[in-house]
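Here is a short tour for anyone meeting this structure for the first time. Have a look at it, then read on.

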Amino acid sequence: MLLEIITPDKKLFSGEIKSVKLPGTAGSFGVLKDHAPLISSLKKGNIKVIDEQKQNHSFAIKGGVIEVLKNKIIVLAE
Amino acid sequence: MPSLKEVRNRITSTISTQQITSAMKMVSASKLRRAQDAIIQMRPYAGKLKEILSNVTSSLESSAGGIYAKERPVKKVLLVAITSNRGLCGAFNSNVLRAVNSLVHGKYAEQNKEGHVKVLCIGKKASDFFSKNKKLYAGHHNELFNNLSFANTAMVAEDIMKEYTQGDLGSDEDANVRAKTGGTIIRVLASVGDNVTAGQLIAETDNRSIIQEIAEVQKALASSKKTDTNESESLEKKLELLQEQLEGTKFKSLISGHITSLNIKVGETVASDTIVAHVHNSLRTYDRVEIIYNQFKNAASQLLTTEQYLPVTKPEVDPSAKKRTLDYIFEPGKEEIVKDLIPNALKIQLYKALLDSNAAEHGARMTSMHKATDNANEILRDLRLTYNKARQATITKEILEIVGGAEALKN
């Protein structure tokens, strides 16, 4: 599953991951492999990523939006 | 024929100017590269955002965008002029300034007559030009170019959006504060020039007797509740009336702004319905916002662009996006997402304009410095020719003198 976290200034993260946890406006949620297509807005919080090597990554964001489509996740963060 | 020394001086000064211009060209070239990189960095974000936005709006029937998309009669206009902080870049800045001027006197001449056109300057060249014109000038954000980042730009964009949304409240230019109930003033809490918010207390009249009466009525009400329902009802009405009166002794500002005049002092008696203070609405509000900037086309050419910023023009729906409108899950809901995304898209729009202008500025400076270096070369060639001519002339003159002297000695 491919994850991309982009901000207007630069690309924060890009790579294959196992799972990701996001701060959605309607509540925190996680995305695993083969998730249904989803568009959700995000609020201030941390994005927690677990990559293929089971390494943890964390990114603080101020808000944004996420699109999940065919095992490709794109986070537009601020 | 100029003297040798004169020409030599001119040659050295031209050479040093040429060195400066060619150095500036190099600097601009490297800055242009960085500015271009920033644009390229921003592109995937902007592209994806647009895609999601059109994806959501295409399946949304109601006029999405809410307050930002609503067209209002254009009474007040804000023009955002984006120039550079530094000069020496050809017609780059003057093009923007000329475009703004033609908008002010052409398209928005009517609004300008009433003084309702304002220019927000981004870049020192624009603020230098417009700060002389108090009627148009609305402040500047020259510091943006020192450290061009999305976070800084977002703040400016938020300010503009706020001023735009406030315009929707239909706030009046000015408002008078009237005394609802007459009486003796016991407290004045503001003075002329103070900033007040809507609903802020400005002054109070003597209300002790009313407060006392309220207490009495409340007491009577408490005791009558148990016994007489008819009496308690009438008492309740009286209480309501008294509370209204008490409210009337407090003079509050109706709008946010600053106090321009205050006609009361402590101890004075005022009749009801006299104007006690005058509040001027100092908040700037706009019905339309436009951005004027140089769009970056390539290093040698810029495209002067005027973009409508607010109200938001409908995002054109990509026909291919419609096909891909799979059954997305929308969290928390389509409308909420659009509401969230539109301010974001607006920030990106301003950021893009700034990045474009920044890259265009360096491009323009690069070409104009290149031309300056070329021109210096040409001048140098001419000067060297005159220098050599002058040198030759003196040598010929000296030889002639020597030959003439030798001839004279022979005889």
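Which residue is the bridge partner of B:Gly183 in β10(B)? The partner is B:Val270.

## Ground rules

This is a predicted model, where local features need pLDDT of at least 70, side-chain atom pairs count only at pLDDT 80 or more, and totals for chains, interfaces and linings use all residues. Residues are numbered from 1 along each chain as its sequence is written, while chains are lettered from A and ligands numbered from 1 in the order in which they are written.

Helices (H or I, at least four residues) and strands (E, at least two) are DSSP runs, numbered from the N terminus. Two strands count as paired if DSSP finds at least two bridges between them.

## The five-stranded sheet

Chain B also has an open sheet of 5 strands with mixed pairing, in the order β3-β2-β1-β12-β13. Its edge strands are β3 (137-140) and β13 (301-310) of chain B. On average, neighbouring strands here are turned by 20° against each other, direction ignored; axes are lines fitted to C-alpha atoms, for helices over the stretch in contact, and angles run from 0 to 180 degrees between N-to-C directions.

Inside this sheet, β1 (residues 77-82) and β12 (residues 288-298) of chain B pair in the parallel sense over 5 bridges. One detail to find: B:Val80 has B:Ile291 as its bridge partner in β12(B). Helix α9 (residues 334-410) of chain B lies across β1, β2 (117-122), β12 and β13 of chain B, at about 40° to β12(B).

## Where the chains meet

Now for the contact between chains, which takes 18 residues from chain A and 23 residues from chain B; two residues are in contact if their C-beta atoms, placed from the backbone, lie within 7 Å. On the chain A side, β4 (38-42), β7 (64-69) and β8 (72-77) each give two or more residues. The largest share, 4 residues, comes from β4(A).

What else does β4(A) do? It runs parallel to strand β14 (residues 329-331) of chain B, joined by 3 bridges. In β14(B), B:Glu331 is the bridge partner of A:Ser40.
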